[in-house]
Amino acid sequence: MQRSINKANTPSIETSRIAQPIGSTLDRFIKNNQDQFAYASGELSQLLRDIALASKVVNREVNKAGLIDIMGAVGSQNTAGDDQQKLDVLANIRFTRALAKGGEVCALVSEEAETFADLNNDGKYVIAIDPLDGSSNIDVNVSIGTIFSIYRRKSPVGTPIQPDDILQRGADQVAAGYVLYGSSTMLVYTTGHGVNGFTYEPTLGEYFLSHPDMHMPYDGRIYSINEGSANSFSQPVKDYVQYCKDQKYTARYIGSLVADFHRNMLKGGIYIYPATAKDPQGKLRLIYECNALAFVAEQAGGSATNGSMRILDIKPDSLHQRTALYVGSRNMVEKSATFV
Ligand code: FDP
């Protein structure tokens, strides 16, 4: 007997899930939104493309970790005195090379280098980058990330770079974002007009818009802090952590800032790296870690402070300056400030 097919309930191949468009490519998105930039001459767009390209190369290396000899320490230390991992060094080379080739960047500040790289006096932009954040997670296949901040230089184009070009407040960023090398690879960025997230499709070699106009939940129930260091927290920080427990919040700490931040972006939560006895100024770096995430957080409706002051208002006085960081859902960050 011939089975009757209810045509009305059978989706045609064009309307079925497999034929759905998967969102704009990053390239097209950047192009379509170029006129939002204050100085829309195309260089910032190219710079974002250079970052995306370098991140694809790093993604390839990260995915090969374990198969070829790129895991483990190099035997040297970075500016923080941390052991440099092979992938840290490799990521730094990839990003520096891509940004130097592009020609839009006059100076590059990186976690992996003592001083800034003087790239091209004709470049309009200064970039600060942590090429591979969460180094302690590299060898164990846990999510890691890249963090970047872009500033417009203050000194005239064509002249030597000045300290004021490098030591700008986070509020002066023209763009910032991060790449998360996780169960999928994502690039999330802002140019000061909201936040958009792109997921990498490795077989096509493209980022596609997967998380348009991201908003961080106003409140959340996740707190992320390394409680192993609790003995060296100040009493107010201990009190806030106790408050989180009293509220029956969930503790989640990956130990990769980008991954903890991204989860809180989607689900709501707070990430804290406070001042500790070991790191009285905090551990994280203002210029190439905290500023970018603070900018993204604020653009997504969240908040970021050092406990008492807005991160984006801090005027740095040195390249590798550290700060305490409280970042995440606005209501949680504001609540934490009533303790610390
Ligand atoms: P890592 O030292 O492994 O590079 O940015 C530094 C950072 O990781 C963050 O990604 C992470 O959140 C934090 O430090 C982890 O520090 P603790 O091990 O002290 O918790």
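Predicted model: local features only at pLDDT ≥ 70, side-chain atom pairs only at ≥ 80, totals over all residues.
Residues are numbered from 1 along each chain as its sequence is written, and side-chain values use heavy atoms, with hydrogens and water left out.

**Ligand site**

The ligand is surrounded by 14 residues, a residue being near if one of its heavy atoms lies within 4 Å of the molecule. The closest are Asp133, Tyr253, Tyr271, Tyr273 and Glu289. The shell divides into 5 nonpolar, 6 polar and 3 charged residues; here Ala, Val, Leu, Ile, Met, Phe, Trp, Tyr, Cys and Pro count as nonpolar, Asp, Glu, Lys and Arg as charged, and the others, Gly among them, as polar.

| Side chain | Ligand atom | Distance |
|---|---|---|
| Asn226 | oxygen | 2.8 Å |
| Tyr253 | oxygen | 2.6 Å |
| Glu289 | oxygen | 2.5 Å |

On its own the ligand has 460 Å² of accessible area, and the protein covers 85% of this (Shrake-Rupley method, 1.4 Å probe).

Helices (H or I, at least four residues) and strands (E, at least two) are DSSP runs numbered from the N terminus. The expected span of a helix is 1.5 Å times one less than its number of residues. Helix 3 (residues 86-102) has 17 residues and reaches 25 Å from its first C-alpha to its last, close to the expected 24 Å. Its buried residues (under 20% relative accessible area, against over 50% for exposed and partly exposed in between; 1.4 Å probe, protein chains only) include Leu87, Leu90, Phe95 and Leu99. Just after helix 3, Gly103 takes a positive phi of about 85°.

Val237, Tyr240, Val241, Tyr243 and Cys244 are buried in helix 5. They lie on the same side of helix 5, because they cover an arc of only 150° around the axis, taken from the directions from the helix axis to the C-beta atoms.

**Positive phi in loops**

Most residues other than glycine have a negative phi. Lys248, in the loop between helix 5 and strand 12 (250-251), has a positive phi near 60°. Lys248 is exposed, with a relative accessible area of 68%. Lys248 and Arg221 are 27 residues apart in sequence and 8.0 Å apart in space, C-alpha to C-alpha.

Asn141 also is not a glycine, and has a positive phi of about 65°. Asn141 sits in the loop between strand 5 (125-133) and strand 6 (144-152) and is exposed, at 77% relative accessible area.

How values were computed:
Polar contact = N/O pair within 3.5 Å; in protein donor to acceptor, adjacent residues only side chain to side chain.
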